[in-house]
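The following report describes a two-chain model, taking each chain and then the contact between them. Please read it alongside the sequence and the coordinates.

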Amino acid sequence: MTATTTRVRPERKAVVQGSGRMKKPPGLPWILPALVLSVGLIYYGIGYTGYISTLNWDGLSPGAEHVGAHNYTRIFHDPVFWDAVRHTLVFFVVTFVIQTILGLAFAVILHAKLRLAAIYKVIVFVPVVLAPAIMAPVFRHMFAPDGELNAVLRHVGLGGLAQPWIGQTSTALPVIMFITIWEWTGVTFVLYYAAMTQVDPSVLEAARMDGAGNMRTLVSIIWPDLRGTTVALAMLGAIGALKTFDVPYLVTIGGPNYATEFLGTYIYRMTIPLSHVGYGAALSIILLVVALLMALVLQLAGRERAGR
Amino acid sequence: MFEIRTRTGKVLLQIGATVLIIPYLFPLVVMIKGAFAGEGVGNFEAVLRVPGFGRFFVNSVVVAGAVIVLVYVVTMMAAFGFAKLHIRFREVYFWLLLACLTLPEVVLLAPLFATDSRLGLYDTYWAVILPLAALQVPFAVLLTRNFINGLPDELFEAARVDGANSYRGFVHLVIPLTRPIAAAVLIFTLVASWNDYLFPLVFLQSPELQTITLVPQFFVGEFSNDQTKILAAAVITAIPEIVAYLSLQRLFERGLSAGAIK
């Protein structure tokens with residue numbers, strides 16, 4: 001640090017203090033309930049999970065064996081863990097890209113004075129409100145070998161495409177991705193729709209005067225303007241992918257043959273039905289670290305973009 | 001914003017939108033059609049006759065209601081403290097809270113299971129209410145703090161000059177002025193707690209305590225493999241959510257999208 005900067009700082013501070021700001025009353029008691037509830041419960045849980053992750057424990061018996069980092073070294077040689085990581089990654093990229101395209105398409109279409117626009121909007125947004133756990137039986141029914149999707153395919157003469165969607169490894173993950181996209185496009189759409197209303201109309205007018213068509217305006221003016229929203233949605237999607245549990249657990253039970261195993265479903269399977277609580281805890285810690293790193297990376301990436 | 005002047009253009013736009021909307025409509029149609037298949041309305045009657053079906057709704061109302069109250073009180077206080085009061089190491093506390101934003105709930109299963117059993121909380125409403133509230137608070141505080149930051153400091157200083165303490169400032173300024181953001185917090189807390197599946201699945205064993213997200217499983221047991229009844233149950237459990245959304249459309253869309261706005 002140079003001498004000039006050190007000299008300037010205290011002066012500035014003095015000016016602020018000298019402006020007669022009142023001293024604010026103490027706020028610690030006000031934030032305490034939130035800290036106790038959230039930080040208390042969550043950090044206690046994480047700490048406890050960290051401790052359990054060094055045990056070989058079934059969750060019930062008193063004599064848990066300390067195994068150090070053994071659970072962690074086992075994870076790195078666990079093919080199902082790596083499958084789950086791969087699924088999460090593919091799942092995130094595919095759902096994010098498709099959701100962005102569809103959300104953007106709906107936002108553009110609804111800005112273009114569509115007839116019955118309100119009905120289209122409701123249909124896209126209703127899935128956001130519905131619980132995945134409640135829709136799961138519907139999707140099991142829809143994608144079943146004798147289900148509605150195959151019936152429609154046969155009806156329109158595409159019977160050759162009919163297949164056991166949930167029951168085979170090649171289509172199970174795409175089914176999970178379809179359900180997730182179905183569920184979340186509403187949010188993407190609403191955010192893009194709102195962000196588009198913020199685009200400066202004079203810039204749009206100028207572009208139009210210069211002869212830019214609808215497509216050109218979208219690509220060159222609107223899309224760059226939506227960057228902040230896109231980064232935020234990427235963050236939401238990445239964390240959502242790491243949290244994925246309900247849909248694969250209820251629709252495909254992580255299968256067939258681990259084809260739709262995610263970190264969430266794998267941790268659940270290890271911890272509750274299989275009672276490998278120590279191993280599940282080690283997986284949890286790894287999941288947590290990955291989630292934090294991802295959030296940090298995306299946050300920094302977003303800031304860098306915004307700074308440019 | 002986008003101008004489509006020609007008649008053919010307008011027709012093409014309408015067709016395109018309709019093609020895009022079909023995959024979104026299809027599962028809803030499957031749900032309703034399946035629910036009326038076979039015995040028709042009889043499916044719904046059979047589902048409603050099952051003893052204890054109403055309990056699932058009551059339990060979801062209790063859980064969601066308690067989570068909302070808890071989150072609201074704790075969040076408003078904390079956001080006020082962070083935004084307008086003096087706290088040493090304020091940002092440290094704030095970041096401790098924000099780090100919880102990324103936490104997948106599955107991470108808490110093992111420790112909460114062990115702790116709940118020891119404290120006798122297992123298989124009580126609290127086993128679900130407390131962790132659900134804990135997971136909603138960080139984001140609610142982030143949102144509300146940003147909102148209160150936007151309120152002028154002079155407002156609070158003037159109140160102080162008039163002799164109002166922090167408590168009165170909270171009741172007479174913060175509570176009424178934060179209504180718009182409180183509505184958003186309320187909506188996403190409601191949807192998150194109403195739709196949550198994992199915590200009730202693990203922590204609520206007695207059917208008398210279980211929430212509506214466990215209804216499908218309950219009915220798989222009840223009607224073995226009669227799909228139509230299960231879908232009828234899905235329709236009945238979805239109705240309150242759809243009605244709530246349709247009557248408060250704006251609020252829901254804003255509240256649930258608030259999740260991505262910084």
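## Chains and their packing

Of the 308 residues in chain A, 42% count as buried, a residue being buried if 20 or more other C-beta atoms lie within 10 Å of its own, exposed if 12 or fewer, and partly exposed in between, with C-beta atoms placed from the backbone. The model is predicted; local features need pLDDT of at least 70, side-chain atom pairs count only at pLDDT 80 or more, and totals for chains, interfaces and linings use all residues. Residues are numbered from 1 along each chain as its sequence is written, while chains are lettered from A and ligands numbered from 1 in the order in which they are written.

The secondary structure of chain A comprises 14 helices and two strands. Helices (H or I, at least four residues) and strands (E, at least two) are DSSP runs, numbered from the N terminus. The radius of gyration of chain A is 26 Å, well over the 19 Å of the globule rule for 308 residues, so chain A is more spread out than a compact globule. That radius is taken over C-alpha atoms, and the rule is 2.2 Å times the number of residues to the power 0.38.

Chain B has 13 helices and zero strands.

|---|---|---|
| Chain A | roughly 75 × 70 × 35 Å | 67% |
| Chain B | about 70 × 70 × 30 Å | 79% |

Two residues are in contact if their C-beta atoms, placed from the backbone, lie within 7 Å.

## Confidence

The predictor gives the complex an ipTM of 0.89 and a pTM of 0.88. Chain B averages a pLDDT of 88, and 97% of its residues score at least 70; pLDDT is the predictor's confidence in each residue, from 0 to 100. Within chain B, confidence is lowest in helix α11 (residues 215-222), at a mean of 79, and highest in α3(B), at 94.

## Features of chain B

Helix α3 (residues 53-84) of chain B packs against helix α9 (residues 179-195) of chain B at an angle of about 145 degrees, their axes lying 9 Å apart. Axes are lines fitted to C-alpha atoms, for helices over the stretch in contact, and angles run from 0 to 180 degrees between N-to-C directions. Residues of α3(B) including B:V63, B:V67 and B:V71 meet a set in α9(B) that includes B:V185, B:L186 and B:L190. By class, this contact of α3(B) with α9(B) has 11 nonpolar, four polar and no charged residues. Ala, Val, Leu, Ile, Met, Phe, Trp, Tyr, Cys and Pro count as nonpolar, Asp, Glu, Lys and Arg as charged, and the others, Gly among them, as polar.

B:F44 lies in helix α2 (residues 41-49) of chain B and counts as partly exposed because it has 18 C-beta neighbours inside 10 Å. Leaving aside neighbours within four places in sequence, B:F44 is in contact with B:A232 and B:I236.

## Contact between the chains

The contact takes 82 residues from chain A and 78 residues from chain B. On the side of chain A that touches chain B, α2(A) gives the most, with 16 residues. By class, that side of chain A has 63 nonpolar, 13 polar and six charged residues.
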